[in-house]
Amino acid sequence: MNTRAWIVFLDESGVSLLPRIRRTYSPRGRTPLLRHRLNWKRASMAGALGYHSTDPDRGGRLCFHLKPGSYDTAGLIEVLKQVKVFYRGE
């Protein structure tokens with residue numbers, strides 16, 4: 001039995017750096033006009049959560065990667081290479 005095996009879950013998601021909900025102080029019953037510059041900035045996150053397969057006392061390991069914009073195939077391959085380095089020697 002391999003005692004060095006880790007089970008790793010990888011997920012990628014995009015987030016907006018501006019809040020989705022804005023509070024306004026308009027009079028009750030009047031629809032507020034929200035004005036902004038439409039300068040939406042986006043970021044992407046990739047996270048890997050790993051659990052040791054034979055030793056539950058080791059706990060989980062979390063590593064994540066942040067990137068402005070969005071991921072493409074080459075960007076996710078780079079994340080997988082960094083996850084491999086993170087688990088090296090385990």
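Two strands pair if DSSP finds at least two bridges between them. Strands (E, at least two residues) and helices (H or I, at least four residues) are DSSP runs, numbered from the N terminus.

This is a predicted model, in which local features need pLDDT of at least 70, side-chain atom pairs count only at pLDDT 80 or more, and totals for chains, interfaces and linings use all residues. Residues are numbered from 1 along each chain as its sequence is written, and side-chain values use heavy atoms, leaving out hydrogens and water.

**The sheet**

The order β1-β2-β3 describes an open sheet of three strands, with antiparallel pairing. Strands β1 (6-16) and β3 (60-68) are the edges, and each pairs on one side only. On average, neighbouring strands are turned by 15 degrees against each other, direction ignored. Such angles run from 0 to 180 degrees between N-to-C directions, and the axes are lines fitted to C-alpha atoms, for helices over the stretch in contact.

Helix α1 (residues 73-86) packs on this sheet and touches β1, β2 and β3. Its direction makes about 150 degrees with that of β3. Contact here means heavy atoms within 4.5 Å.

Strand β2 (residues 42-52) runs antiparallel to β3, and nine bridges join the two. Ala46 stands opposite His65 in β3. In general, strands of a sheet pair through backbone hydrogen bonds, either parallel or antiparallel.

**A closer look at His52**

His52 lies in strand β2. It counts as buried because its relative accessibility is 8%; buried means under 20% relative accessible area, exposed over 50%, and partly exposed in between (1.4 Å probe, protein chains only). Leaving aside residues up to four places away in sequence, His52 touches Thr3, Arg4, Ala5, Trp6 and Arg58.

The His52 side chain also reaches two backbone nitrogens, listed below. A polar contact is a pair of N or O atoms within 3.5 Å; within protein, one must be able to donate a hydrogen and the other to accept it, and residues adjacent in sequence count only if both atoms are side-chain atoms.

| Side chain | Backbone nitrogen reached | Distance |
|---|---|---|
| His52 | Thr54 | 3.3 Å |
| His52 | Asp55 | 3.1 Å |

**The whole protein**

From the N terminus on, they run β-β-β-α. Of its 90 residues, 14% count as buried. Among contacts between residues at least 6 apart in sequence, 69% join residues at least 24 apart. The protein exposes about 7,800 Å², and carbon and sulfur atoms supply 55% of it. Accessible areas come from the Shrake-Rupley method with a 1.4 Å probe; for residues, only the protein chains shown count as cover.
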